[in-house]
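User: Could you take a close look at the place where the two chains meet, and then walk me through a few local features that bear a second look? I would like one connected account, please.

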Number of protein chains: 2
Amino acid sequence: MKKVLVLGAGRSAYCLIHYLIEHAATYNWTVLVGDADLPALHRRFPDHARLEKFRFDVAELHHIEGTVAKADLVISMLPARFHPLVAKPCLRQGKHLLTASYISDDMKAMHEEAKKMGLIFLNEMGLDPGIDHLSALKIINELKEKGATITLFKSYTGGLIAPESDNNPWNYKFTWNPRNVVLAGQGTAQYIGDGAYKYIPYHQLFSRTEQINIEGYGAFEGYPNRDSLKYREVYGLNNIPTMLRGTLRRKGFCKSWNHFVQLGMTDDTYAMEGSESMTYKEFVNSFLPEGGSGSVEERLATFIGDRAGGEEMQKIAWLGLFSDEAIGLHNASPAQVLQQVLERKWVLEPHDKDMTVMQHVFEYTLGGQRYELTSSMVIIGEDGNSTAMAKGVGYPLAIAAKMILTGRFAQAGVLYPMMPALYEPVLAELEQMGVRFTETVKQLA
Amino acid sequence: MKKVLVLGAGRSAYCLIHYLIEHAATYNWTVLVGDADLPALHRRFPDHARLEKFRFDVAELHHIEGTVAKADLVISMLPARFHPLVAKPCLRQGKHLLTASYISDDMKAMHEEAKKMGLIFLNEMGLDPGIDHLSALKIINELKEKGATITLFKSYTGGLIAPESDNNPWNYKFTWNPRNVVLAGQGTAQYIGDGAYKYIPYHQLFSRTEQINIEGYGAFEGYPNRDSLKYREVYGLNNIPTMLRGTLRRKGFCKSWNHFVQLGMTDDTYAMEGSESMTYKEFVNSFLPEGGSGSVEERLATFIGDRAGGEEMQKIAWLGLFSDEAIGLHNASPAQVLQQVLERKWVLEPHDKDMTVMQHVFEYTLGGQRYELTSSMVIIGEDGNSTAMAKGVGYPLAIAAKMILTGRFAQAGVLYPMMPALYEPVLAELEQMGVRFTETVKQLA
């Protein structure tokens with residue numbers, strides 16, 4: 001009997017763990033799940049003959065040898081910075097490892113050793129990164145086989161709120177880690193456009209968006225991710241003139257979010273003196289130029305170029321940012337204060353459904369004719385457990401785990417999920433589970 | 001006979017060393033000067049009975065014990081990050097230490113030990129920080145003695161080009177470290193304005209300037225330095241409603257510099273792929289949104305909101321940023337590329353004179369009446385050695401060294417130059433040397 005060890009059982013691990021339990025009898029494996037919050041683990045996953053639940057905290061990562069020793073395959077759902085601490089015992093004890101995170105330099109450095117030991121360290125195997133890679137590579141390889149020359153590839157993904165639960169002026173709720181949402185885009189976005197390197201500093205990012213439409217779901221806007229450059233090589237598109245990976249929000253979100261960026265409210269690099277007793281209104285005021293007359297609301301309206309009571313001002317007011325309530329956070333950074341405000345208002349209610357949206361756009365030339373191919377996928381969550389995010393992140397991992405444990409995938413090393421032997425069966429099974437892409441092709445002038 | 005050790009003999013150390021040599025016989029001391037470039041040291045300072053020149057590189061800082069042992073007082077003109085490596089042997093061997101740099105946490109941590117040993121570790125004793133502290137404290141203490149309540153204090157300093165050598169469209173040349181000029185202002189400016197904390201993110205900094213006029217020298221503009229908050233306590237102005245320390249440029253500079261900030265050209269956090277063979281024009285293009293028609297010049301004009309051939313565009317074109325020449329720097333950051341361009345054009349010619357400008361503005365209430373006090377100082381350089389910068393940085397250090405070696409100043413510990421026992425005689429001697437402040441007071445409504 002095989003054993004699968006899952007470390008971390010947060011929101012995005014639900015469908016993964018559920019799938020593993022559901023298929024445990026069929027494939028004769030046991031699922032070991034460790035999480036810091038054991039009561040929550042018990043609440044979310046009823047006892048099952050094939051399930052072992054245990055308390056596990058990242059502080060214990062240095063004593064994880066014994067736990068890893070029991071498993072045949074480890075899936076780390078911990079924050080990405082902890083993966084190397086999981087990977088080391090996997091290397092020492094000869095265990096396969098799956099993650100849904102970007103390959104770090106530390107992880108990459110283990111490639112030769114993993115390969116030599118015949119171990120599969122498969123990463124970027126969730127939704128984004130994950131399903132985006134699988135689905136893009138399928139199209140890229142099909143186009144190449146036909147003899148097409150790909151001239152443009154843009155791929156956008158967003159974790160959003162489903163239309164039926166979309167009832168706030170921001171058209172946004174937290175469906176995953178709020179801190180990551182507040183800090184999203186910091187750094188410099190790097191991609192290739194019209195054959196030239198393109199660099200977008202953070203303070204320009206949310207004003208340089210592209211509109212994306214998805215049939216039946218309306219308008220979105222996308223902004224580039226931090227590093228699209230390295231995927232040219234990974235995707236085998238070294239000389240492509242335009243390539244960009246990005247993030248989707250509902251139309252109008254970026255313009256409003258950009259006010260916070262422009263003001264400096266997303267800065268996480270310093271602690272604000274006296275933040276505990278400061279009010280939210282004073283917080284806003286601290287980013288406005290001094291002098292001038294009028295209320296904080298009026299001066300903010302001037303700063304952002306809206307009128308008092310305008311749409312942008314309404315969105316900001318709705319968040320409670322003009323409240324005279326004390327912030328109550330000691331030595332908080334602006335980003336921490338903003339996150340606290342947003343977490344009250346962008347909360348996912350128990351009956352709410354989330355939505356993940358992905359769209360690839362390709363332009364290519366075939367037989368002298370130019371074409372545009374669009375491939376889109378939307379997942380709508382079922383409930384607070386089987387969220388779109390949990391499905392999108394968990395199913396690819398679960399299916400890959402199954403393939404490895406049953407010997408259907410055996411390529412060793414630190415891997416991206418780019419090979420047909422992986423993406424063909426995973427995409428086929430995802431489609432059976434309702435995760436499917438809709439493709440349209442049109443001729444370009 | 002006493003010995004003064006000066007580490008680092010770059011541009012801003014010239015007047016310091018010159019003063020020490022000039023006064024060596026009178027006060028019976030010898031000057032030991034170490035610099036990485038021994039030939040340059042010989043060229044700049046002719047042999048003198050009271051001068052010992054030696055080759056010294058920061059890489060040898062760990063073997064500096066023997067050199068420090070010979071001295072009674074050490075003046076570190078090295079980059080600020082090296083000061084703690086100089087301070088440690090000074091502590092071990094009981095030597096006084098002077099620097100013109102901001103007190104770092106590492107330096108501050110030595111306060112108790114220095115004090116216990118009776119050692120003077122006097123910092124921020126150059127121009128800015130330095131003369132600004134001395135002159136501000138003199139006014140602050142005078143106002144307090146009169147019974148005035150200070151409600152506003154703004155202090156601006158700039159290292160600029162003298163009017164007679166100001167012959168380029170930017171009204172700027174490099175009179176000190178070019179890298180620091182390119183990176184100036186990065187981070188978040190923090191100050192107190194109208195009784196409220198104020199935070200300005202870097203990308204807003206150069207559009208939130210204040211105009212400053214200095215009688216006889218015309219118009220300047222100032223932007224806030226990174227941390228003005230901590231000086232409230234240091235200056236004894238804990239409850240002041242407005243306090244700001246800032247940097248001066250010639251009027252119009254900040255608007256133009258801001259284009260580079262907005263584009264992302266001052267970013268030093270990543271290396272640009274292919275920067276070696278990239279042309280300057282391609283460099284500019286990499287920060288412009290893709291798509292759109294027209295030349296790089298035309299698209300830049302649109303981005304910055306100027307017209308082709310407009311004043312802003314002329315200033316940028318004058319720098320050579322539309323050249324088809326290859327950059328020739330391997331894996332360079334945007335800031336490194338920009339610095340290379342600027343170093344060719346903002347070069348201080350041998351006949352050029354520099355200028356340092358300082359202005360303090362105070363608002364205060366006395367006897368029910370509100371007043372504004374303005375105190376301004378301008379130094380014009382004499383030649384390529386006795387620059388305004390070298391005088392401004394070097395004289396305060398030299399005078400303080402003299403006071404310590406002759407026993408006229410003896411307060412131990414890690415110190416800011418805020419005490420009357422120091423600022424009174426230093427300001428008096430500076431005035432004799434032509435470094436003088438002009439004060440005007442006017443009643444406010």
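Analyst: Happy to! Let's start with one pair that bridges the two chains: E273(A) forms a salt bridge with R232(B), and their closest N and O atoms are 2.8 Å apart. Please keep in mind that this is a predicted model, so every value here is computed from predicted coordinates. Between chain B and chain A, the count is two salt bridges. The polar contacts across this interface come to 22 residue pairs, with both residues of each pair at pLDDT 80 or more.

Which elements of chain B supply at least two residues each to the side that touches chain A? They are the strands β8 (188-193) and β9 (196-201) together with the helices α10 (202-205), α12 (253-263) and α14 (296-304). Of these, β9(B) gives the most, with five residues. Sorted by class, that side of chain B has 15 nonpolar, 12 polar and nine charged residues.

Now for the extent of the interface. Chain B brings 36 residues to the contact, and chain A also brings 36 residues. The two chains bury about 2700 Å² between them, and 43% of that area is on carbon and sulfur atoms. In chain B, the residues that lose the most area to chain A are Y199(B), E273(B) and E290(B), which together make up 25% of what that side buries.

Next, some backbone details. In chain A, the peptide bond from D128(A) to P129(A) is cis, with omega near 10°. P129(A) sits in the loop between β6 (120-122) and α8 (131-146) of chain A. Chain B has a cis peptide bond as well, joining D128(B) and P129(B), with omega about 10°. There, P129(B) is in the loop between β6 (120-122) and α8 (131-146) of chain B. Another backbone point is D194(A), which has a positive phi of about 50° although it is not a glycine. D194(A) belongs to the loop between β8 (188-193) and β9 (196-201) of chain A.

Within chain A, there is also a helix pair to look at. The axes of α1 (residues 14-22) and α17 (residues 388-405) of chain A come within 7 Å and cross at roughly 35°. The crossing of α1(A) and α17(A) is right-handed. On the α1(A) side, the contact is made by Y14(A), C15(A), L16(A), Y19(A) and L20(A), while the residues from α17(A) include Y395(A), L397(A), I399(A) and K402(A). By class, this helix contact has 11 nonpolar, one polar and two charged residues.

To finish, back to salt bridges. Over all chains the count comes to 33. One pair within chain A is K173(A) with D352(A), whose closest N and O atoms are 2.8 Å apart. K173(A) lies in the loop between β7 (149-161) and α9 (178-183) of chain A, and D352(A) in the loop between α16 (334-345) and β13 (354-366) of chain A, so this pair ties together parts that are 179 residues apart in sequence.

Notes: Residues are numbered from 1 along each chain as its sequence is written. Chains are lettered from A and ligands numbered from 1 in the order in which they are written. This is a predicted model: local features need pLDDT of at least 70, side-chain atom pairs count only at pLDDT 80 or more; totals for chains, interfaces and linings use all residues. Side-chain values use heavy atoms; hydrogens and water are left out. Contact means heavy atoms within 4.5 Å. Buried area is the accessible area (1.4 Å probe) that two parts lose on being put together, summed over both. A salt bridge is a side-chain nitrogen of Lys or Arg within 4 Å of a carboxyl oxygen of Asp or Glu. A polar contact is a pair of N or O atoms within 3.5 Å; within protein, one must be able to donate a hydrogen and the other to accept it, and residues adjacent in sequence count only if both atoms are side-chain atoms. Helices (H or I, at least four residues) and strands (E, at least two) are DSSP runs, numbered from the N terminus. Ala, Val, Leu, Ile, Met, Phe, Trp, Tyr, Cys and Pro count as nonpolar, Asp, Glu, Lys and Arg as charged, and the others, Gly among them, as polar. Axes are lines fitted to C-alpha atoms, for helices over the stretch in contact, and angles run from 0 to 180 degrees between N-to-C directions. A crossing is left-handed if the near helix is turned anticlockwise from the far one by less than a right angle, and right-handed if clockwise.
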